[in-house]
Amino acid sequence: MAPAVILLLGWMLVPLTATLYFSFKKYLPLRGDSLENGLEWVGFQNYTRFVGSSSFWPSVQTTLIIVGSVLVITVILGVLLALLLDQPMWGQGIVRILIISPFFVMPTVSGLVWKNMFMDPINGILAHLFRFFGAEPLQWLSQASLQSIVLIVSWQWLPFATLILLTAIQSLDSEQLEASEMDGAPALSRFWHIILPHLGRAITVVILIQTIFLLSVFAEIFVTTAGAFGTKTLTYLIFQRVLESQNVGLGSAGGVYAIILANIVAIFLMRIVGKNLDR
Amino acid sequence: MGQIVLNKVQKKFDDVEVIPPLDLTIEDGEFAVFVGPSGCGKSTLLRLIAGLEDVTSGSIQINGRESSDIPPAKRGLSMVFQSYALYPHMSVRKNIAFPLRMAKLDKAEIKSRVENAAAVLNLTDYLDRRPGQLSGGQRQRVAIGRAIVREPSAFLFDEPLSNLDAALRVGMRLEISELHKRLDTTMVYVTHDQVEAMTMADKIVVLNAGVIEQVGSPLDLYHNPKNTFVAGFIGSPKMNLMTGEVAEKAGAQTLGVRPEHIAVSDSAGEWSGVVGVSEHLGSDSFFHIHETGLAETITVRADGEVNFKHGDQIFLTPRTDMMHKFDGGGNRIV
Ligand SMILES: Nc1ncnc2c1ncn2[C@@H]1O[C@H](COP(=O)(O)OP(=O)(O)OP(=O)(O)O)[C@@H](O)[C@H]1O
Ligand SMILES: [Mg+2]
């Protein structure tokens, strides 16, 4: 085997085996369990307990809602923004950099900025805006907690989608658009019949890459709601089990569930959009 | 149906005048060819007619209707692009049907028109393929199919054959000419290949830097070129243009004679020279003659059997009735 393959296998297999190993053990470091003393084999107990917890299904649901909503928002807005940025306009270079910039802000930082600068019910910019229009400021992170998380994460990922879609739009042969114009297609039909199919592959790439990262969204939740108000994703639940409850075995079982969920989502996505890739 | 009239049409890109004001009439049913060197504004002129570019000033009439302000789709014209511009994600059938779908024709009508066009263009077996699965010639035919189903009042072609190999080009040239005979629709065809222009056109428009140098039938341009530019551009190999003593004796600044109007001999003739490169095509032979004292090289065309070698002494006799005289401004002296 080539060294790269061995490295890659080790890279993936070591954490995976460790997770699998712990998920079948009772491992509560604070109660004196340690690797030196040997861990008690508990079979599938961690697995049944993890699923049995009342937080499990809501966390799966929350995860899927966040992933789904962010995908829809970033793809739709990304296409629109890319169309807009493709138009010749004054100050194009600067506008493009501005649009891309959120991508360079670390998730933790952007979570904090949104929480304290925009969504703070007393001093946040949005609160001032609401008051300016005579409305009662929204308690963003408690009253519309899930929507707020979706908003923050979408803001983070919109630049990525826009950038990929913009390069795709720019690769469209302008003669195709002119031909469709001569064929009598109005602007909306040109978008629908020519531009959108041309973007199919880029949209697929955006969806697949974003899904991988969105399934493990964490920092944005950690610094804003800390998993409260129905924003506990599967990743966040595992974090709580391992670090807050100090139950490594239970957390590891959750990790295995997360892997399974990711695979189900991936297979599902491949079915729907993956056929775009082999054209 | 299908008359196109350009009236003082001018086009500037920013401050660069690509087409100075020009007048041109293309009659109904005519096959008009725009020729000229690269960058002379052929495509721009075609795109102005199509409506893909706006005129800076002047007006365009199509079918007697003022069209400068009408959007491309409403001008009743079809265009075939150099890159074919097929829609890659649609099957051949959908590509050809696209303009009809946009015109909201009913399904049965679309189907019959598409199948008709496919039959005319030998595409019936490929209707369910994607453009990416077709050869260059087949793609070209799909592009033409998409243009003819709309039954436009005129077709516009922008160098449609330039991506094809030589053999296919000759075949498609015939097909397009045949299509024109059958449909009897106005066609405007852009090319930089003067052979295409000569063989296909009813009317050739020779362009140079956006200016129309001459308009006429192929034979008219061949026999009576208005100036040295047209004389040099039409005909293959190019007309020999000579200056100096020989021209002055004929009362001209420049004297032109085509390669096919010079007789060659190994013993006697009016001019003499030394054979440089010879090109044997089988049917004809072209000789490039040096050291004639007339021009740097004189090209002559002789029968395929005539055989001179590099360095041979050769004698030339031009046909005096086939000489073209031009004045100091390069214009023909009648
Ligand atoms: N969109 C544009 N903006 C600025 N200048 C342009 C534009 N399109 C064409 N031109 C200029 O107009 C001139 C004519 O271009 P055009 O494409 O009509 O040439 P052409 O005769 O079709 O040449 P070719 O045989 O190479 O296709 C060229 O000098 C070109 O640089
Ligand atoms: Mg051109």
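Which helices of chain A do the buried residues of helix 12 pack against? They pack against helix 2 (45–52), helix 3 (56–86), helix 11 (219–224) and helix 13 (248–273) of chain A. Packing rests on contact, meaning heavy atoms within 4.5 Å. This is a predicted model, in which local features need pLDDT of at least 70, side-chain atom pairs count only at pLDDT 80 or more, and totals for chains, interfaces and linings use all residues. Residues are numbered from 1 along each chain as its sequence is written, chains are lettered from A and ligands numbered from 1 in the order in which they are written, and side-chain values use heavy atoms, leaving out hydrogens and water.

**Helix 12 of chain A**
- Helix 12 spans residues 234–244, and its buried residues include A:Leu234, A:Tyr236 and A:Phe239.
- Buried means under 20% relative accessible area, exposed over 50%, and partly exposed in between (1.4 Å probe, protein chains only).
- Helices are DSSP runs (H or I, at least four residues), numbered from the N terminus.
- A:Gln246 follows helix 12, with a positive phi near 55°.

**Nonpolar patch**
- A:Val5, A:Leu9, A:Leu13, A:Leu16, A:Leu20 and A:Ile259 form a nonpolar surface patch, with about 440 Å² of accessible area together.
- Patch residues have over 30% relative accessible area and no salt bridge; nonpolar side chains are joined within 5 Å, like charges within 9 Å.
- A salt bridge puts a side-chain nitrogen of Lys or Arg within 4 Å of a carboxyl oxygen of Asp or Glu.
- Helix 1 (residues 3–23) of chain A gives the largest share, five residues.
- A:Leu20 is partly exposed, because its relative accessible area is 37%.

**Positive patch**
- B:Lys94, B:Arg101, B:Lys107 and B:Arg130 gather in a surface patch of positive charge.
- B:Arg101 sits in helix 2 (residues 92–102) of chain B.
- B:Arg101 has 35% relative accessibility, so it counts as partly exposed.

Definitions and conventions:
Helix = DSSP H or I, 4+ residues; strand = E, 2+ residues; numbered from the N terminus. Areas by Shrake-Rupley, 256 points an atom, 1.4 Å probe, with all protein chains shown as cover. Lys, Arg positive; Asp, Glu negative; His and termini not counted. Charge placed at Lys NZ, Arg CZ, Asp CG, Glu CD.
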